[in-house]
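Keep the viewer open and follow along.

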Amino acid sequence: MASLTSSQASILARPSSRRCSPLPTDRHHVSLSPRDLLSSFPCLRAFSPSLRRLATRRPGGIISAHATEVSLVEKSVNTIRFLAIDAVEKAKSGHPGLPMGCAPMGHILFDEVMNYNPKNPYWFNRDRFILSAGHGCMLQYALLHLAGYDSVREQDLKNFRQWESRTPGHPENFETPGVEVTTGPLGQGIANAVGLALAEKHLAARFNKPDSQIVDHYTYAILGDGCQMEGIANEACSLAGHWGLGKLIAFYDDNHISIDGDTEIAFTENVETRFEGLGWHVIWVKNGNTGYDEIRAAIKEAKAVQDKPTLIKITTTIGYGSPNKANSYSVHGSALGEKEVDATRKNLGWPYGPFHVPEDVKSHWSRHVSEGAALETEWNAKFADYEKKYPQEAAELKSIVTVNLPTGWEKSLPTYTPESPADATRNLSQQCLNALAKVLPGFLGGSADLASSNMTLLKMFGDFQKNAPEERNLRFGVREHSMGAICNGITCHSPGLIPYCATFFVFTDYMRAAIRLSALSQAGVIYVMTHDSIGLGEDGPTHQPIEHVASFRAMPNILMLRPADGTETAGAYKVAVENRKRPSILALSRQKLPHLPGTSVEGVEKGGYVISDNSTGNRPDVILMGTGSELEIAAKAGEKLRGEGRAVRVVSLVSWELFDEQSEEYKESVLPSEVSARVSIEAGSTFGWEKMVGCKGKAIGVDSFGASAPADVLYKKFGLTVDAVVAAAKEVC
């Protein structure tokens with residue numbers, strides 16, 4: 001008799017779920033169909049012909065009346081599995097286990113449930129699919145390929161994880177049309193899905209009419225045990241339950257395996273009970289390997305629940321079909337190897353070579369091209385009728401779908417003069433936010449329980465809530481990490497949705513992963529970060545950012561803006577709104593600042609510019625540079641030095657990224673290379689300033705943690721003063 005491998009034996013020995021209540025009939029009942037047994041234990045085939053016969057029957061032993069249909073589904077599911085296996089094997093890199101286990105749910109979603117148009121991946125009313133467990137991306141690529149997306153052809157599958165491939169090692173929305181968001185860091189995707197579902201609910205509430213459901217689509221996500229362990233997932237799913245996002249359906253791939261082994265070593269909580277507590281409807285599909293009808297029934301039940309999101313826990317076998325590696329960590333993150341690929345082909349009865357799609361499977365899936373085009377044509381006709389009845393709403397929705405900003409929107413931003421009352425830039429920011437909300441239909445956002453301190457409330461709107469989804473103030477609670485990821489999802493839903501989110505600048509530490517994915521995903525989220533320096537005062541070093549500005553300047557594809565007054569704050573918002581494919585961070589002050597002569601919106605758009613200068617011939621004696629609250633100090637130091645007969649240029653460097661993008665001629669006109677006498681001042685780390693001041697210049701800043709004291713005391717103690725700048729200028733001249 002053939003023997004069982006240790007991994008196969010562990011399946012037989014384990015309860016059907018260690019994290020759920022035991023089945024009433026048998027505490028150690030194993031929920032495996034005959035087909036599961038034959039797949040996971042090929043040794044049983046040698047002595048159990050009755051088991052083989054049972055494998056052709058539906059649960060309960062009744063032979064299916066749709067045997068041909070079931071056979072084609074199984075063939076399609078195995079096609080998905082082997083496209084993933086073959087791609088990972090060719091690349092000698094990747095994660096085959098999840099695609100092999102999740103192929104049944106993936107097939108049912110893409111082939112039977114979801115509405116989409118493969119030839120127009122950006123059709124507005126499509127259902128959205130998010131693979132939060134992004135390491136299993138070959139599942140998504142295989143599905144896109146079968147469905148007829150031009151972005152994933154056979155050659156793209158063969159180029160998996162290769163240079164300039166459209167099938168990178170984790171899903172990237174900017175590389176592969178059909179991929180909605182960039183996932184990989186676990187938990188981010190399910191939080192993005194919450195943002196996508198929020199966007200659908202919000203737009204439906206604003207634009208649907210009793211006679212026209214013009215916004216009507218679902219958001220589906222697959223997440224795994226790793227996503228469930230990440231705190232961001234719990235944050236986001238808590239909000240999803242609170243908001244009652246009934247069109248969010250998440251599939252939990254419950255396979256009990258993570259990189260280090262069985263999840264029993266670190267993850268034994270009852271996920272179902274937790275999600276029920278979060279306000280979700282929960283369904284458990286016990287046989288995710290071959291229980292196609294169970295999966296279909298679960299989706300049908302989920303769609304019937306409209307007042308809360310649904311978690312469908314689907315118990316699967318990671319690496320399903322692999323006779324020696326299924327249900328083990330070894331199939332999670334590495335290729336099966338040539339011998340095991342051959343063994344898996346034999347085990348699943350797959351006679352085809354690498355990357356082969358059988359003709360009947362290809363023919364079956366080919367209908368999605370025509371069906372998808374018909375769905376979009378039908379929706380376009382529906383929208384044309386809607387446009388005739390509701391022209392104003394249609395125009396607004398169009399602007400959100402196409403990101404056509406209203407003509408002259410920037411004129412709504414407030415203007416300031418040096419005579420305007422001094423104010424904190426966080427307060428000036430609120431004036432800008434409320435001005436923009438009046439003219440930008442897709443503008444919405446909120447704060448992580450700090451709205452009254454960040455000054456981010458939109459005064460003309462109420463709070464987005466379960467029963468008021470048309471409102472535009474988003475209350476994220478103390479959930480900074482998920483706040484950023486949810487805003488990424490909102491941005492990726494429609495290009496004209498412009499979300500902002502806010503907290504204290506130091507708490508970007510809680511949400512840095514989401515901000516980085518904003519930059520990577522080309523998601524133009526606006527991050528409103530107040531209390532930007534030691535200038536916040538008495539709260540002390542736990543709340544005083546030091547290295548934060550420098551760290552975001554080091555991050556690719558993000559704008560780090562630190563405005564000095566009202567005019568620069570308005571300019572920063574103009575830049576942020578216009579940059580739809582890169583996020584912006586606005587670092588704003590708690591303390592009051594004057595409105596400076598010489599600042600301008602146009603200057604902010606260039607990132608760096610001269611605000612005052614008494615030199616001639618582009619040859620000042622010294623150049624003083626500053627950002628934010630310290631630009632005032634640089635300006636006062638310049639006046640003092642001029643009074644002593646010096647030729648002084650004062651430069652605002654509100655955004656290094658924008659300044660770097662200017663022509664060499666322009667940059668030379670602001671910072672002439674022949675002038676080496678340069679001084680910078682910024683209430684943060686001096687790291688990076690050598691780029692601006694050069695080897696002979698001097699950077700004044702804060703390279704230690706702050707302290708608890710009033711702001712004016714801190715500035716004196718840390719040497720952020722006019723006298724310090726003047727002394728430094730004399731030293732370098």
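Arg562 and Glu630 meet in a salt bridge (a side-chain nitrogen of Lys or Arg within 4 Å of a carboxyl oxygen of Asp or Glu), with 2.6 Å between the closest N and O atoms. Arg562 sits in the loop between β13 (559–561) and α21 (566–578) and Glu630 in helix α23 (residues 630–643), so the pair ties together parts that are 68 residues apart in sequence. Both Arg562 and Glu630 are buried; buried means under 20% relative accessible area, exposed over 50%, and partly exposed in between, with a 1.4 Å probe and protein chains only. Helices (H or I, at least four residues) and strands (E, at least two) are DSSP runs numbered from the N terminus.

This is a predicted model, in which local features need pLDDT of at least 70 and side-chain atom pairs count only at pLDDT 80 or more, while totals for chains, interfaces and linings use all residues. Residues are numbered from 1 along each chain as its sequence is written, and side-chain values use heavy atoms, leaving out hydrogens and water.

**Other salt bridges**

- The whole structure holds 38 salt bridges.
- Glu154 and Lys158 form one of them, at 2.9 Å from N to O.
- Both Glu154 and Lys158 belong to helix α7 (residues 154–158), where they are four residues apart, about one turn of the helix.
- Glu154 counts as partly exposed because its relative accessibility is 36%, and Lys158 counts as partly exposed at 26%.
- Another salt bridge joins the side chains of Arg475 and Asp463 (3.2 Å, N to O).
- This pair links distant parts of the chain, with Arg475 in strand β10 (residues 473–475) and Asp463 in the loop between α17 (451–454) and β10, 12 residues apart.
- Arg475 has 37% relative accessibility and so counts as partly exposed, as does Asp463 at 28%.

**Aromatic pairs and cluster**

- A search of the whole structure gives 21 aromatic pairs, where rings of Phe, Tyr and Trp (its six-membered ring) pair if their centres lie within 6.5 Å.
- Planes under 30 degrees apart count as stacked, over 60 as edge-to-face and the rest as tilted.
- Phe383 and Tyr386 are stacked, because their ring centres are 5.9 Å apart and their planes lie at 25°.
- Helix α14 (residues 359–389) contains both Phe383 and Tyr386, three residues apart, about one turn of the helix.
- Phe383 counts as buried at 9% relative accessibility, and Tyr386 counts as buried at 1%.
- Phe507 and Tyr510 make a tilted pair, 5.8 Å centre to centre with 40° between the planes.
- Phe507 counts as buried at 17% relative accessibility, whereas Tyr510 counts as exposed at 54%.
- One aromatic cluster brings together Phe124, Trp379, Phe383, Tyr386 and Tyr390.

**Charges over rings**

- A charge sits over a ring if NZ of Lys or CZ of Arg is within 6 Å of the ring centre and within 35 degrees of the ring normal.
- Lys303 places its charged end over the ring of Tyr218, 4.7 Å from the centre of that ring.
- The charged end of Lys313 sits over the ring of Trp284, 4.4 Å from its centre.

**Helix α13**

- Helix α13 (residues 338–347) has the buried residues Glu340, Val341, Thr344, Arg345 and Asn347.
- They cover an arc of only 165° around the axis, which puts them on the same side of α13; the arc is that of the directions from the helix axis to the C-beta atoms.
- On the face of α13 turned away from its buried side lie the exposed residues Glu338, Lys339 and Lys346.
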